[in-house]
Amino acid sequence: MNTPADVVQAQLDAYNAHDVAALVAIYADKAQQFQHPDVLLAEGSAQIAARFTNRFAASRPQARLLNRIACGKLVIDHEIVTSVTDQGATEQELVATYEVIDGRIARAWFSFA
């Protein structure tokens with residue numbers, strides 16, 4: 001059985017591989033992504049796929065995990081995401097909170113520094 005932390009690690013691995021199909025499979029069909037606390041970024045598989053597709057087309061992001069806290073169905077990651085474009089590299093610090101239900105991410109909240 002995969003723990004919520006295992007599910008979130010699979011999500012991080014798929015993100016760094018830029019594997020949209022794997023990412024969509026990790027998220028629940030009606031999953032929601034928010035900019036913390038309540039700005040809806042994407043809802044459902046099609047919007048989440050489009051969001052990742054656009055993100056990967058705009059740059060080649062790589063997320064580096066700094067710390068992870070797992071408590072029940074919640075997993076909180078502190079990350080640095082490095083994005084590379086033709087203009088150079090940038091880094092963005094963020095905290096991502098994932099709610100994992102039935103082995104898939106049901107909701108995610110992103111807080112940017």
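Which strands does helix α3 (residues 44-58) lie across? The model is predicted, with local features requiring pLDDT of at least 70 and side-chain atom pairs pLDDT 80 or more, whereas totals for chains, interfaces and linings use all residues. Residues are numbered from 1 along each chain as its sequence is written, and side-chain values use heavy atoms, without hydrogens and water.

**View A. Helix α3 lies across β1, β2, β4 and β6.** Its direction is at about 55° to β1 (axes are lines fitted to C-alpha atoms, for helices over the stretch in contact; angles run from 0 to 180 degrees between N-to-C directions). Helices (H or I, at least four residues) and strands (E, at least two) are DSSP runs numbered from the N terminus.

**View B. Six strands form an open sheet with mixed pairing, in the order β2-β1-β6-β5-β4-β3.** The edge strands, β2 (39-43) and β3 (62-71), each pair on one side only; pairing requires at least two DSSP bridges between two strands. On average, neighbouring strands of this sheet are turned by 20° against each other, direction ignored.

**View C. Helix α1 (residues 4-16) packs on the sheet.** Helix α1 touches β1, β3, β4, β5 (88-101) and β6 (104-112), contact being heavy atoms within 4.5 Å. The direction of helix α1 makes about 170° with that of β3.

**View D. Strands β1 (residues 27-35) and β2 run antiparallel and are joined by four bridges.** Gln35 stands opposite Val39 in β2.

**View E. Ile76 lies in strand β4 (residues 74-85).** Ile76 counts as partly exposed because its relative accessibility is 31% (buried is under 20% relative accessible area, exposed over 50%, partly exposed in between; 1.4 Å probe, protein chains only).
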